[in-house]
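Biologist: I would like to learn where the labels on a model come from. May I ask you about them one at a time?

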Amino acid sequence: MIDESLTFGIDLGIGSCGWAVLRRPSAFGRKGVIEGMGSWCFDVPETSKERTPTNQIRRSNRLLRRVIRRRRNRMAAIRRLLHAAGLLPSTDSDALKRPGHDPWELRARGLDKPLKPVEFAVVLGHIAKRRGFKSAAKRKATNISSDDKKMLTALEATRERLGRYRTVGEMFARDPDFASRRRNREGKYDRTTARDDLEHEVHALFAAQRRLGQGFASPELEEAFTASAFHQRPMQDSERLVGFCPFERTEKRAAKLTPSFERFRLLARLLNLRITTPDGERPLTVDEIALVTRDLGKTAKLSIKRVRTLIGLEDNQRFTTIRPEDEDRDIVARTGGAMTGTATLRKALGEALWTDMQERPEQLDAIVQVLSFFEANETITEKLREIGLTLAVLDVLLTALDAGVFAKFKGAAHISTKAARNLLPHLEQGRRYDEACTMAGYDHAASRLSHHGQIVAKTQFNALVTEIGESIANPIARKALIEGLKQIWAMRNHWGLPGSIHVELARDVGNSIEKRREIEKHIEKNTALRARERREVHDLLDLEDVNGDTLLRYRLWKEQGGKCLYTGKAIHIRQIAATDNSVQVDHILPWSRFGDDSFNNKTLCLASANQQKKRSTPYEWLSGQTGDAWNAFVQRIETNKELRGFKKRNYLLKNAKEAEEKFRSRNLNDTRYAARLFAEAVKLLYAFGERQEKGGNRRVFTRPGALTAALRQAWGVESLKKQDGKRINDDRHHALDALTVAAVDEAEIQRLTKSFHEWEQQGLGRPLRRVEPPWESFRADVEATYPEVFVARPERRRARGEGHAATIRQVKERECTPIVFERKAVSSLKEADLERIKDGERNEAIVEAIRSWIATGRPADAPPRSPRGDIITKIRLATTIKAAVPVRGGTAGRGEMVRADVFSKPNRRGKDEWYLVPVYPHQIMNRKAWPKPPMRSIVANKDEDEWTEVGPEHQFRFSLYPRSNIEIIRPSGEVIEGYFVGLHRNTGALIPTPVGPDSYVIA
């Protein structure tokens, strides 16, 4: 049952979900009611400082553990092999550690002199442990990290030097440049060796030892050792991760560089182009489209200028929204080319084979699918054979593969190659995308979720959440959308199904970390620019308080060169702050028709001009005047270098009727992918016929942030986020944002449109901020409800994350006390640090070398050296850090506290005393060292071994987890509510964070 009077509002960010429930005012006089509002704040799956996704960290750590485990297993297998061959006395983990044996020297000597069995074992073990670099991927030197590029560059230099020696071992043992250092250091990869070169060395050593009469160097041992030491698993293919096509549900999505998809993408772009004409604008004709797409793939890039040439566009005509200076850019791709895959494949095949295969486009697509989604050359070769290619084509492709020609082939498109090929004939005939879909038998408006029935049961909802999670690769977006769905499900269970659900997604939801950082930098840049412009206005007009309206007028005045662009008349600087209404801010494209309140749709004009323009676009108004008004206006726009992109398009737009509905829909609805996907999932709460299908009702609306932000200002609720003019630092504002989103329903949009229509018809300037609230007491109702908003946070009960800190420090006994030492770069040492150098008396020469280097100003060209002549880069210093988690003979810092177990015990007066036991990840994960939970309760200002041992006389009461909602009652009777953060190990004090805007510290 749908309650038509109810509306849900959701304001979803990457770490928060504001929610609100409104009962709409009725036409019979019932006032609106705020049924409820709140904020749900959850963990963002990324680090707080670097903003690295936590799954990336887990994946990196998991990979490192796997590398260590495989190396350990490999070396264990090598020891067993060498023991079975009689070269080692045992298979113990330290069997290859032979003091007095220099493996580098043995590797060089083994080429000319016989080695003892154990010496040969040391040589083979040394090579197996450091077995060199080998890539198993087709992307040889492209699309790799900067560190990998440095390593490959260094590898080439090392191989050049290797030409002077017989083997790698001989080079490292005999070349004086390698005498002081034979291992890579952080940021330096000049000791990198290739696995192929080490494999060559193994064969050379076996051959030399057999020649010298050493029977243990048998061909059988050589084969077995080579197979074990140099085995490498093939890289995992990405093909299994590629999703299915929304149109052809049994087909995988296309590789981005397949010829069919590149052609499809180009046609979609061409069909959206518009060319200026004396009467307005026009699309490309079918013949012009054919000219552009006739012989694709000769070059990867298809510039806008080239398209102009191909269709014979005259010099006085241009493409709308594209500046002449931008016509050297590619018509489709921001980076790369429109036809990168097609051009690469065409060049690799050669013109004869390429021409021959034009009759088999499905094979061309299949080739690129294989090259894009499979990694190892062996797998690619096998998959290419399955396509049914001729031997000539296969040979050419394999040759190009070995040369790394297809290194850039990666990434998936949104539809399959089969769907693209089915759409191409209709697009080539000039059909719009939606028309082409209909003609091909596809529903372009259908989503991947459209086939679901109404979600009414918890099991159905859980399945939907799982499906949504599996369809989103970005972990931050995945977390946010799932939390938003859970919040709506909870609201639906409490209030029932509402008449409508309104959603606003923060613009960082769905964006990559790189894009979010780019947005943050843009915001910082704009904030600094606005501050500078305020100072400019202050200086020019001697204004103490430069409000938002004045700043907006100044920005427009400055952009327009101090002129009204409608008339060409000058606007005096003082008019921007005058109260005589001589100038007004006008929507270039009327808001009532286009719904755009952005800066790109605003102009500062004379009030008289605005009164004449009314609800028209500049073209509709000026082209109807006698004389040359429109051409003069175009000249003013074209010669203003500050106007570009969308703003310039808005000024010069001619086909208003055609663009009006599309623009308005986009400006009043959030059309981003994440918003669309979230809306599609929310629609499933409703039955068929209530999901905006053709002829059905629309229940779910996505609102852009710019619209709701302006209305919060207009309705006077934005000020509730501030105190004494400063923003309150709490999370209740998410609920306030959600309330505004809920209030912006279709009736409100229609009311706004009608209001703007009336003002525009009279030629009056009306900012979006001056609109009536949803009901008369709206602001007062919000003000009364807002203080009661509760910020909910999820309790974190899972012991996830690092078992201990990554850095392992050395621990040594000094005077019966364990001392923790850390390595520190010599460049960061101070004079006082020299007293803390490990074993300073024994290392007096090193200490003095560093002291002298510091005293002479730390010369970069004369670094400190050890008595042996080695450059000193790092040194161990004693610290005051206490040993925490024992790891491989050293110590590491604890991970985040998992929980605090709370016990009580009556004192002599019969009053309960509380005992707090902190529990850390390593105490849960390492069951061998910790078969039972820790039972030591913190004692203020005492070391852990002096803490109280919790025994049978203590009663377990409960556990506190991160963000457990707690109430603390002080001896004075004061009650403080907050979320548990942790315990102070020195004092035993609880550390909470407040629920509301207040801040406090519990001592």
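Modeller: Of course, start wherever you like.

Biologist: Why does Glu288 count as buried?

Modeller: The relative accessibility of Glu288 is 11%. Buried means under 20% relative accessible area, exposed means over 50%, and partly exposed is in between, using a 1.4 Å probe and protein chains only. Since 11% is under 20%, Glu288 is buried. Keep in mind that this is a predicted model, where local features need pLDDT of at least 70, side-chain atom pairs count only at pLDDT 80 or more, and totals for chains, interfaces and linings use all residues. Residues are numbered from 1 along each chain as its sequence is written, and side-chain values use heavy atoms, leaving out hydrogens and water.

Biologist: What makes the meeting of Glu288 and Arg282 a salt bridge?

Modeller: In general, side chains of opposite charge can pair when their charged atoms come close. The rule here asks for a side-chain nitrogen of Lys or Arg within 4 Å of a carboxyl oxygen of Asp or Glu. For Glu288 and Arg282 the N to O distance is 3.0 Å, so the pair passes. Arg282 has 24% relative accessibility, so it counts as partly exposed.

Biologist: How many salt bridges does that rule give?

Modeller: The count comes to 67. One of them joins Lys31 and Asp781, at 3.0 Å from N to O. Those two are 750 residues apart: Lys31 sits in the loop between strand 2 (16-23) and strand 3 (33-41), and Asp781 in helix 32 (residues 778-785). Helices (H or I, at least four residues) and strands (E, at least two) are DSSP runs, numbered from the N terminus.

Biologist: Are Lys31 and Asp781 buried or exposed, or in between?

Modeller: Lys31 has 41% relative accessibility, so it is partly exposed. Asp781 has 19%, so it counts as buried.

Biologist: Which helix holds both Glu680 and Lys683?

Modeller: Both lie in helix 28 (residues 673-683), 3 residues apart, about one turn of the helix.

Biologist: How do you know that the span of helix 16 is close to the expected one?

Modeller: The expected span is 1.5 Å times one less than the number of residues. Helix 16 (residues 417-428) has 12 residues, for which 16 Å is expected, and its first and last C-alpha atoms are 16 Å apart. Its buried residues include Thr417, Ala420 and Leu424. Among the elements covering its buried residues are helix 8 (259-272) and helix 13 (361-373).

Biologist: What makes helix 3 and helix 6 roughly antiparallel?

Modeller: Helix 3 (residues 117-129) and helix 6 (residues 195-211) pack at about 170 degrees, with axes 11 Å apart. Angles under 35 degrees count as roughly parallel, over 145 as roughly antiparallel, 65 to 115 as roughly perpendicular and the rest as oblique. That is why this pair is called roughly antiparallel. The axes are lines fitted to C-alpha atoms, for helices over the stretch in contact, and angles run from 0 to 180 degrees between N-to-C directions. Contact means heavy atoms within 4.5 Å. Residues making this contact include Phe120 and Leu124 of helix 3, and Leu198 and Phe206 of helix 6.

Biologist: How much of the chain is buried?

Modeller: Buried residues make up 46% of its 1003 residues. The chain has 34 helices and 25 strands.
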